[in-house]
Amino acid sequence: MARRQGERISLPGLDETPVGPTGREKQDFADPEPLNSHGPARVIALCNQKGGVGKTTTTINLGAALASYGRRVLAIDFDPQGALSAGLGVPTHDVTTIYDLLLSSKVDPMDAVQQTSVEGLDVIPANIDLSAAEVHLVNEVAREQILTRVLRKLTPEYDVILIDCQPSLGILTVNALTAAHGVLIPLECEFFALRGVALLIETIDKVRDRLNPAIELDGILATMYDSRTLHSREVLERVVDAFGDRVLDTVVGRTVKFPDASVAGIPITEFAPEHPAAKAYLSVARELIQRGAVA
Ligand SMILES: Nc1ncnc2c1ncn2[C@@H]1O[C@H](COP(=O)(O)OP(=O)(O)OP(=O)(O)O)[C@@H](O)[C@H]1O
Ligand SMILES: [Mg+2]
């Protein structure tokens, strides 16, 4: 449904206007049924080669939100910056990291799993060593499939595995796309956001053709949305024009609570559970479950 000129736009959780920020009818996604059994996991790569769009923030908070609905969640830090590991407050040195798992099939992937302060949310950390992976993997046989091999032993243990990709379309990201069942693209609501998405979707199409025929685009999640600015509203309108139903109904508003929660090393759903941004990520979790992207 196209948005009419001058129509009010609302931020989820803040008021009761029937039209959501995407211009579609505003939806409340029902609380999901609890799961009676667990696994095998659906693997979702959080991917956008543009930096600072909310990949890591979404991995942390969507992971925590899904865990709060009883899903067993594994988050994989796939960025040498290690921001996901830091944001979840786990150590990254003198521990087994994702790099060790990529390098040697002799390391048991379960040895790299760390629990977080959130029940049901585990993480495999990364540190700067992972930046050497690009060089090491270049000469490997089937170098795009190494993460797929690593995940084989982990999928039975979880309902969903979220991969926090680095801001590039290099060999690590291609590994993530090859191992994934679905891709979730966080998109910052600002003018240049759309530019890179065409290239990203082209890359996903290439991976589908050559490496992973089953990969699906699970959704585009608008982040850092500010309903008070015309700019944010216009960008979101263009994103919806371009990608239609692939844009999630739930959008995440811009708030300083995210940097605050990151410093504290815990998800916003724990740091400020009543905050609209915490509720937004709970809604993203319910929407993805309703769409069938997560069990
Ligand atoms: N909805 C939001 N409102 C305000 N700030 C946000 C929001 N989401 C994320 N941020 C902040 O924006 C910055 C970038 O977010 P984040 O690290 O999640 O992006 P990223 O895509 O993972 O970045 P990179 O490409 O560097 O890995 C962080 O400081 C984070 O706290
Ligand atoms: Mg990141």
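How many residues surround ligand 1, and which are the closest? Select ligand 1 to begin: 18 residues surround it, and the closest are Gly 51, Lys 55, Thr 56, Thr 57 and Pro 167. A residue is near a molecule if its C-beta atom, placed from the backbone, lies within 6 Å of it. Helices α1 (55–68) and α9 (257–264) are the elements that give two or more residues to this shell. Helices (H or I, at least four residues) and strands (E, at least two) are DSSP runs, numbered from the N terminus.

This is a predicted model, in which local features need pLDDT of at least 70, side-chain atom pairs count only at pLDDT 80 or more, and totals for chains, interfaces and linings use all residues. Residues are numbered from 1 along each chain as its sequence is written, while chains are lettered from A and ligands numbered from 1 in the order in which they are written.

Next, select Gln 49, in the loop between β1 and α1. Gln 49 is partly exposed, with 18 other C-beta atoms within 10 Å; a residue is buried if 20 or more other C-beta atoms lie within that distance of its own, exposed if 12 or fewer, and partly exposed in between, with C-beta atoms placed from the backbone. Beyond its neighbours within four places in sequence, Gln 49 is in contact with Pro 167, Ser 168, Leu 169, Gly 196 and Leu 200 (contact: C-beta atoms, placed from the backbone, within 7 Å).

Now display the strands. Seven of them form an open sheet in the order β3-β4-β2-β5-β1-β6-β7, with mixed pairing; two strands pair if DSSP finds at least two bridges between them. The edge strands, β3 (114–115) and β7 (216–223), each pair on one side only. Six of the eight residues of β7 are buried, so this strand is largely enclosed by the rest of the structure. Strands β6 and β7 are parallel and share seven bridges; select Ile 185 to find it opposite Ile 220 in β7. Between β2 (residues 73–78) and β5 (residues 160–165), also parallel, there are six bridges. Here Ala 75 stands opposite Leu 162 in β5.

Finally, select Ile 161, Ile 163, Ala 176 and Tyr 281, which touch the most other members of the largest nonpolar core, a set of 88 residues. Such a core consists of buried Ala, Val, Leu, Ile, Met, Phe, Trp, Tyr and Cys residues joined through C-beta atoms within 7 Å. Helix α11 (residues 276–290) gives the most to this core, with nine residues.

Methods: Two residues are in contact if their C-beta atoms, placed from the backbone, lie within 7 Å.
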